[in-house]
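Open the model in your viewer and keep the sequence panel handy. We'll go stop by stop: what to select, then what to look for.

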Amino acid sequence: MNSKASQDKPWGGRFSEPTDRFVEAFTASVDFDRRLYRHDIEGSMAHARMLAHVGVLTDAECRQILEGLEAVRAEIESGDFEWSVSLEDVHMNVEARLTQRIGDVGKKLHTGRSRNDQVATDIRLYLREAIDGLMAELRRLQRGLLDLAEREAATVMPGFTHLQTAQPVTFGHHMMAWFEMLERDHTRLGDCRRRVNVLPLGAAALAGTPYPLDRHYTAELLGFEAVSDNSLDAVSDRDFAIEFCAAGALIMTHLSRWSEELVLWASAQFGFVDLPDRFCTGSSIMPQKKNPDVPELVRGKTGRVNGNLIALLTLMKAQPLAYNKDNQEDKEPLFDTVDTLAGSLRAFADMVPHIQVRAAAMEEATRKGFATATDLADYLVRKGMAFRDAHEVVGRAVRHGLESGRDLGEMELEELRRFSTTIEADVFEVLTLQGSLAARNVHGGTAPEQVRARIREARARIATD
């Protein structure tokens, strides 16, 4: 009885007793790796074509396998496929159903490969597709940012350091900072994709195979740019998945920072922006509330993506070569990172173009906190004063402003000259908000015309994709 039960497994010939029922469920991955079915079937079809190409399969056998795999895919997509935990994973479920449909010819499909190189191929196919989708969504968000930045290129707002008023900037300039973060994120995903796009199939379990496989032919069929050079490395490392999760963690960290700003700006205390109602929720007890749930939730989801990166790093840190069962644990953190990124980027790409800016509130806030103090110091330097002396002069003027309740631009000329006779009537050219922006136009990029120029450059940059 035990011997017969062991034969129910594709690897059961060596075993004399069946797998413990709990262990069978504990070690199975089909509940989560079934999402790889399209990529598994795509890889299997390319493998079958390659086996026929090198003469391991006949053309008739290849056609049977291809037609059978198409039928299995149709079953899965129609919801008629019965997944079996006893078959452990997506690979054995697909192969077993193929053999049921076309007979013993289906058993020939696994010639020259192992589940080790098969799953590595599936994950790379899946992740390559996911990266393409995420890069497209990043571009959609960037285009929305450019639209918002252009619309508000001249809207003055306070720039902050330490969350304290620092210098005047424009809202458009601030949005372009977000754009540049996303541009680096897009570049990182593109770099990662190149390392993902390497074919491991043909490495078999760990040491290759005696069959005359044409790996470059398989790579061409599947759109891989290269084949792996070392069979041990091909089946056992997951650094490409770790790299993706690291890029994902950076994307989410950027989104989290933006979320924090949006939460602050949408509050009554700031009142800088109004988020669309459809991206917010209310309170079950306080009728006045409009809660910025989307940015808050994205900020919260950043923790899980960062955790997924740590999980994968920890998973790999002590594994000897080559493949180990530990690697089954790579998929759930990877899948979760893909899903969380896709949802967060979609939410932001949908929301950002519809943010309403409260320009008057921003300008009023910019007039508080002595935002033009540095401009006054730079003015004195241009008049010949050493910067440290200018810093001291302006510091005393600010203290006077704090005591009198007035900003620097609200003081009279003679009042300012009490702190330095170098100050002349032209000082008010830099103590206005627009004057402050214009004075830093060359190097800061904050003046509206320079913001618009950079938006045009950015549009041209991403239009080439």
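At roughly what angle do the axes of helix α7 (residues 115-151) and helix α8 (residues 171-196) cross? Select both: the axes cross at roughly 165° and come within 9 Å.

Before going further, some ground rules. This is a predicted model, in which local features need pLDDT of at least 70 and side-chain atom pairs count only at pLDDT 80 or more, while totals for chains, interfaces and linings use all residues. Residues are numbered from 1 along each chain as its sequence is written, and side-chain values use heavy atoms, with hydrogens and water left out.

**Stop 1**

The axes are lines fitted to C-alpha atoms, for helices over the stretch in contact, and the angles run from 0 to 180 degrees between N-to-C directions. Helices (H or I, at least four residues) and strands (E, at least two) are DSSP runs, numbered from the N terminus.

With their crossing angle, α7 and α8 are therefore roughly antiparallel to each other. Angles over 145 degrees count as roughly antiparallel, under 35 as roughly parallel, 65 to 115 as roughly perpendicular, and the rest as oblique. The crossing of α7 and α8 is also left-handed. That means the near helix is turned anticlockwise from the far one by less than a right angle; clockwise would be right-handed.

Now color the contact by residue class. Between α7 and α8 you get 19 nonpolar, 4 polar and 8 charged residues. Here Ala, Val, Leu, Ile, Met, Phe, Trp, Tyr, Cys and Pro count as nonpolar, Asp, Glu, Lys and Arg as charged, and the others, Gly among them, as polar.

**Stop 2**

Select His162, in the loop between β1 (156-161) and β2 (164-170). Check its backbone: phi is positive, about 60°, although His162 is not a glycine. Is this residue buried or exposed? His162 counts as exposed, at 75% relative accessibility. The cut-offs are under 20% relative accessible area for buried, over 50% for exposed, and partly exposed in between (1.4 Å probe, protein chains only).

Next pick Ala204, in the loop between β3 (198-199) and α9 (215-222). Ala204 has a positive phi too, near 60°, and isn't a glycine either. Ala204 is buried, with a relative accessible area of 8%.

**Stop 3: α11 and α12**

Select helix α11 (residues 239-265) and helix α12 (residues 293-316). Their axes come within 8 Å and cross at roughly 160°. α11 and α12 are therefore roughly antiparallel to each other, and α11 passes α12 in a left-handed crossing. Their contact divides into 16 nonpolar, 6 polar and 4 charged residues.

While you're in α11, click Ala249. Ala249 counts as buried, at 7% relative accessibility.

Then move to the loop between α12 and α13 (331-351) and find Ala322. A cis peptide bond joins Leu321 and Ala322, with omega about 5°.

**Stop 4: α4 and α6**

For another crossing, select helix α4 (residues 37-53) and helix α6 (residues 90-102). Their axes come within 10 Å and cross at roughly 60°. α4 and α6 are therefore oblique to each other, and their crossing is right-handed.

**Stop 5: two distances**

Val72 sits in helix α5 (residues 59-78) and is buried at 0% relative accessibility.

Now Leu232, in helix α10 (residues 231-236). Leu232 counts as partly exposed, at 30% relative accessibility. The C-alpha atoms of Leu232 and Leu206 are separated by 5.0 Å, and the two residues are 26 apart along the chain.

**Last stop: α21**

Select helix α21 (residues 448-462). Its 15 residues should span 21 Å at 1.5 Å a residue, and the end C-alpha atoms are 21 Å apart, which agrees. The expected span is 1.5 Å times one less than the number of residues.

Which residues of α21 are buried? They are Pro448, Gln450, Val451, Ile455, Ala458 and Ile462. Look down the axis of α21: these buried residues fall within an arc of 155°, so they line one face of the helix. The arc is that of the directions from the helix axis to the C-beta atoms. On the other side of α21, you'll find Arg456 and Glu457 exposed.
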